[in-house]
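Here is a short report for a reader new to this structure. Look over the sequence and the fold, then read on.

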Amino acid sequence: MAYLDIHHLEKSFGSTRVVKDFNLGIEQGEFISLLGPSGCGKTTVLRMVAGFETPSSGAIHIEGQDIVNQRPNQRKIGMVFQAYALFPNLTVAQNVAFGMKVAGAPRAEIDARVTEMLALIGLSDLGTRYPFQLSGGQQQRVALARALAPRPRVLLLDEPLSALDAKIRVSLRTEIREIQQRLGITTIFVTHDQEEALSISDRIVVMNGGIAEQAGPPFEIYNRPATKFVAGFVGTLNTFTAIVTDPETGRVTLGGVPMTLGKPLTARPGTQISLALRPEAVRLGRADGREVILPARITEVHFLGSVIRIKADMAGTPVSLDTFNRADAPPPPVGSQIDISVSARDVIVLEG
Amino acid sequence: MIRVWSWGALLTGLVIMVLPLVGMTEFSLRMRRGEYSFDAYTKVLADPAFQQTFGYSVIMALFTIAFGVLLVVPTAYWVRLKMPWARPYVEFITLLPLVIPAIVVVFGYIRLYNTSSWLPLTGTAMGTNVLLMFGYAMLALPYMYRSVDTGLRTIDIATLTEAAQSLGAGWITILARIILPNVLVAVLSGAFLTFAIVIGEFTMAALLNRPAFGPYLQVLGANRAYEPAALAVVSFAITWGCMGLIQLVTRLSKHTRAQS
């Protein structure tokens, strides 16, 4: 059994099933992200772990102990909220000390821990300030320190970066990950931002309509999406329609060009299937080792600095492709005819 | 033209509201013939009956405030947190004291808690005091509930509660350490209003036969000329002092700027 084990978890509000048969095992020290669109049930799962919602059925175990019947204040789970939720009447230091004070820890121990926590989040000299005197990013770091101070068994982060501006969001997520790794604390992070989830997680659980569509490391989620939803939700995707010629060997024709996908297909010969390719898997021009070469016409060119994002039209199908900037090769002009090349290895078959 | 009307309205207001006060104050200073003096005030303030009744009312006010806070803060908090559907009903109940006259309530009390009833509160002085305190708390309920409820609206009580719970706090800790301090300004406004109401209340204290300030004011008014005017001025000063304190507390509160 994993350190935190969620077993057949279900939650209904009235007749609406918000979470459907959710299963997840989290190892100690792991950083898991629950990723999905609004209303997919990710926050509900988190709130059930925290104890703010009672599951309709299922079990949640931490260190082998079922916590479903424990009250939120008995679970020893730290939580950081989107709205910071610092206590406005307490100073930064008092906020951080709150959990230990409630637990009745000795004064000296509390003081030492508060100093340690404030140093951890880099706000050592702001202990006497009130929350309203801090910026959003500082408030959220204090909220993190407050949640970590009583040494919780699990840390829950409920979209902690959503209320912050873009620059702070990026720096704070790196900081959260560093702190999490330094303390080795088991963490569940809820977000709807795929970039956040991909950049800091050990594993991502992509949720949709109350079910976990796929769980795996970011690399796997991005490159080998298990379902159509995961493929579409995580990253941008080019979709093509291909015609199956031989399902057993995985042979299809894409834009009249035959290619072998290298895995058997369930569709019958002559039927259409959807294939997908990441923008970075589509190459401009003919490239070595890429067996499928297709003609296209450039419709848009976006120069983003290190990356050039090109949109092209391939016999009526829009294609998006990313290439790295090279000082010796300027991007092709809009309207020019080019060849694009793809490899069968990069193709994602969208059967689900 | 509009300007003229505005000034007219202001002057009429002043004449109706301020002039009687000025007249009363002036009259209270005329106890000594031919010159102004504070004789009426010194006489009244030195009166042992004044000290006794005023002291009694102040103590009753303090108990009423304590009882009111203990009753209203958890109720308003719980209704906002867990039973938002019940808010209109609770608001309606807290408004009832404004439409039910105090005399009706006190007759109800006497009928229900007299010496031959199942709970003979009027049988002892202490029991009657307790009954009077309940009556006062009820009279102050509309003001207390509203100010506390408004205070609760300015903070995100649901998230603060969850944050405190995840840090291991129970309900009493949450109420005492998080909710109450954050609505303290609102609670104090309610408390000062309660104080002003209790100090001036007549009907309940008179009918329950308790030695409060209101009945004393009435007895004095029926028998003396200048002292009642002096007392009325003192009462006004207390009420306005309370109002001033509400303003002061609101301004001095150090962390409330966070909520704006």
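Predicted model: local features only at pLDDT ≥ 70, side-chain atom pairs only at ≥ 80, totals over all residues.

Start with helix H5 of chain B. Its buried residues are Ala102(B), Val105(B), Val106(B), Tyr109(B) and Tyr113(B). Seen down the helix axis, these residues fall within an arc of 95 degrees, so they line one face of H5(B). An α-helix has 3.6 residues a turn, so residues three or four places apart point the same way.

What do the buried residues of H5(B) pack against? They pack against two helices of chain B: H6 (125–153) and H10 (203–207). The length of H5(B) can be checked too. Helix H5(B) covers residues 102–113, which is 12 residues.

Helix H2 (residues 39–46) packs on helix H3 (residues 48–81) at an angle of about 65 degrees. Their axes lie 5 Å apart. Angles of 65 to 115 degrees count as roughly perpendicular, so H2(B) is roughly perpendicular to H3(B).

Which residues make the contact? H2(B) brings Val44(B), Leu45(B) and Ala46(B). H3(B) brings Pro48(B), Phe50(B) and Gln51(B).

Now turn to charged side chains. How many salt bridges does the structure hold over all chains? The count is 22.

One of them joins Arg17(A) and Glu10(A), at 3.0 Å from N to O. Are these two partners buried or exposed? Arg17(A) is partly exposed, with a relative accessible area of 44%. Glu10(A) has 16% relative accessibility, and the cut-off for buried is under 20%, so Glu10(A) counts as buried.

Another salt bridge pairs Arg141(A) with Glu175(A), whose closest N and O atoms are 3.3 Å apart. This pair links distant parts of the chain, 34 residues apart. Arg141(A) sits in helix H4 (residues 136–148) of chain A. Glu175(A) sits in helix H5 (residues 166–183) of chain A.

## Salt bridges in chain B

In chain B, the side chains of Glu26(B) and Arg30(B) meet in a salt bridge of 3.2 Å, N to O. Glu26(B) is partly exposed, at 27% relative accessibility. Arg30(B) is partly exposed as well, at 41%.

Chain B also holds a network. Salt bridges with shared partners join Arg80(B), Arg87(B), Glu91(B) and Asp149(B) into one.

Note on methods. Residues numbered from 1 in each chain as written. Chains lettered and ligands numbered in written order. Heavy atoms only, no water. Salt bridge = Lys/Arg side-chain N within 4 Å of Asp/Glu carboxyl O. Buried < 20%, exposed > 50% of the residue type's maximum accessible area, 1.4 Å probe, protein only. Helix = DSSP H or I, 4+ residues; strand = E, 2+ residues; numbered from the N terminus. Expected span 1.5 Å × (residues − 1). Arc of directions from axis to C-beta. Contact = heavy atoms within 4.5 Å. Axes fitted to C-alpha atoms, helices over the stretch in contact; angles between N-to-C directions. Parallel < 35°, antiparallel > 145°, perpendicular 65-115°, else oblique.
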